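Please open the structure in your viewer and keep the selection tool at hand.

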Amino acid sequence: MEEKLERFVRQGTTEDLIEVEADEVLKAIAEGRDIDIEYAVIDGALNIGQIADRLEQDEDGKLVIRGSVSIWYSEIRGYTNFSSTTFSRDVDFSYAAFSRDAYFRSATFSGLYANFSAATFSGGAYFVETTFSGDASFKSTTFSEDTSFISAAFNGDANFDYATFSRDVSFLSVTFSGDADFRSATFSGKADFGYATFNVRAHFVRTTMKFPAGFLGVCFRENTVRAGLKTHILCPFVRWLTRGKVNLMERPVTDFSEFNTNIIMDGSSNPYLKRYIDDEQWITSWRKTAWWREVLLRIWELTSHCG
């Protein structure tokens, strides 16, 4: 039986931040220990390359971090580099402050979650070709410089609620396999969602954009005949037939209820998508004015709606 290694624990307080050397943290990572740092200032660069010769590699040639990594309410004063790294367990950088550039290029987060909630990236943030196997949270996260998620894969839910992008950000060719949530997010620079794929739901409710975003070639879950049949006929019938014991998963449709196409998107980048959203919003507002319109809409959806 493999001996469980002692956790690397460094905890200060809100009034008294402790100082931790980056080399000390890297040494603990190389030893395979769980990292638990809270209310600290990390001096130096967290560069995984410095301990590359002490870490195993996976089948893709990525450096493997065996322990969990939790760095909360702490400032990393040097640059951060976890490129081509596989995090085998959960990662939590909530309320962390990345003072310089942070690189997670081609990294893989294999745990149940990767939490960057309320973190602050003062330098560039690079998650190019990064894979999130579980849920990823960037809720209330601040990106002060250019940010890139090009070709990233979110296999769980991706939460960007209340996130702030002060400069340009690219979600080019990103795949969202779970819910993609950008509710109340603020984009002060240019945003590009070109060729992104939203496989479940995309929420852009109360999203603020200084410049219309590009949505060229984007794939969304459309409100099709098949989706309507399953959601409004098959699922309710099965629930009734089994007296609520069986609940089939409804076929999700992208939520465009408060997606302002004139503000959020550059309509010329995807005219079909803009028209589809505008039509869906008109239908939604029309159906709310009288109860019989809901019935009429359902009949129309099941006979005519091609999405």
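Two residues are in contact when heavy atoms lie within 4.5 Å. The model is predicted, so local features need pLDDT of at least 70 and side-chain atom pairs count only at pLDDT 80 or more, whereas totals for chains, interfaces and linings use all residues. Residues are numbered from 1 along each chain as its sequence is written, and side-chain values use heavy atoms, with hydrogens and water left out.

**First stop: a loop residue**

Select Cys219, in the loop between β32 (208–209) and α2 (225–241). Helices (H or I, at least four residues) and strands (E, at least two) are DSSP runs, numbered from the N terminus. Which residues does Cys219 contact, leaving aside its neighbours within four places in sequence? They are Ala196, Thr197 and Phe198. The C-alpha atoms of Cys219 and Ala196 are 6.5 Å apart, although 23 residues separate them along the chain. With 42% relative accessibility, Cys219 is partly exposed; buried means under 20% relative accessible area, exposed over 50%, and partly exposed in between (1.4 Å probe, protein chains only).

**Second stop: the sheet**

Next, select the nine strands of the open, parallel sheet, in the order β1-β3-β7-β11-β15-β19-β23-β27-β31. Two strands pair if DSSP finds at least two bridges between them. The edges are β1 (8–11) and β31 (202–203); each has a single partner strand, so one side of each is left without a neighbour in the sheet. Within the sheet, β3 (residues 35–38) and β7 (residues 69–72) are joined by four bridges in the parallel sense. Asp36 stands opposite Ser70 in β7.

**Third stop: the nonpolar core**

A nonpolar core is a set of buried Ala, Val, Leu, Ile, Met, Phe, Trp, Tyr and Cys residues joined through side-chain atoms within 4.5 Å. The largest one here has 73 residues, and Phe93, Phe116 and Phe215 are among those with the most contacts inside it. The largest share, six residues, comes from α1.

**Last stop: aromatic rings**

Rings of Phe, Tyr and Trp (its six-membered ring) pair if their centres lie within 6.5 Å; planes under 30 degrees apart count as stacked, over 60 as edge-to-face and the rest as tilted. By this rule there are 55 aromatic pairs. Select Phe87 and Phe109, which are stacked at 4.8 Å centre to centre with 5° between the planes. Phe109 is buried, with a relative accessible area of 2%, and Phe116 is buried at 0%.
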